[in-house]
Amino acid sequence: ANFICATTATSNLELIEFRNPNGTVGDIKSNGSGTSYNTSSDYRLKENVDYTWDATTRLKQLKPARFNFKVDADTTIDGFLAHEVSSIVPIAVSGEKDGAKMQSIDHSKLVPLLVKAIQEQQTVIEDLKSRIETLEG
């Protein structure tokens, strides 16, 4: 069975909207060349915003792996084991380890951690470059 959501328009069009008692929490939009999967992110919905957390330490705890799924032994992919991610980025994982339902992971929830870690590394790189330039005078 397939669920097909089609339109004749090529402008940015909301195809599916997700709502709960708090209002709209996400949507799926399509335009003439792509699809966007969106979750609510407006600043007016947030509080206690903190930009000073340590991403690199958390990032180093993640254990990317190469594996295949048992039902597709010929295809090796890169990814994570959900239960190993759950204590580091809990919002990225659904389900409980060894629960009745298999765990799943939303890789997009790892992106903020990755971006912050790259920013931290870039600060270190720029500092080291400056020190080298000073030493080479």
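Colleague: Which residue stands opposite Gly26 in E3?

Modeller: In this predicted model, Thr39 of E3 is the residue opposite Gly26. Strand E2, residues 23-30, pairs with E3 in the antiparallel sense over five bridges. Two strands need at least two bridges to count as paired, so E2 and E3 qualify.

Colleague: What makes E1 and E3 the edge strands?

Modeller: The open sheet has three strands in the order E1-E2-E3, with antiparallel pairing. Strand E1 (13-20) and strand E3 (35-39) each pair on one side only.

Colleague: Why is the pair of Phe67 and Phe69 called edge-to-face?

Modeller: Their ring centres are 5.7 Å apart, and a pair needs centres within 6.5 Å. One aromatic pair is found in the whole structure.

Colleague: Is Phe69 buried or exposed?

Modeller: Its relative accessibility is 52%, and exposed means over 50%, so Phe69 counts as exposed.

Colleague: How do you know that Lys116 counts as buried?

Modeller: Lys116, in helix H3 (residues 111-136), has 14% relative accessibility; buried means under 20%, so the label applies.

Colleague: What does the charged end of Lys116 sit over?

Modeller: That charged end sits over the ring of Trp53, 5.6 Å from its centre; the distance cut-off is within 6 Å. The Lys116 side chain also reaches the backbone oxygen of Tyr51 at 3.4 Å, and a polar contact has to be within 3.5 Å.

Conventions. Residues numbered from 1 in each chain as written. Predicted model: local features only at pLDDT ≥ 70, side-chain atom pairs only at ≥ 80, totals over all residues. Heavy atoms only, no water. Helix = DSSP H or I, 4+ residues; strand = E, 2+ residues; numbered from the N terminus. Phe/Tyr/Trp six-rings, centres within 6.5 Å; stacked < 30°, edge-to-face > 60°. Buried < 20%, exposed > 50% of the residue type's maximum accessible area, 1.4 Å probe, protein only. Lys NZ or Arg CZ within 6 Å of the ring centre and 35° of its normal. Polar contact = N/O pair within 3.5 Å; in protein donor to acceptor, adjacent residues only side chain to side chain.
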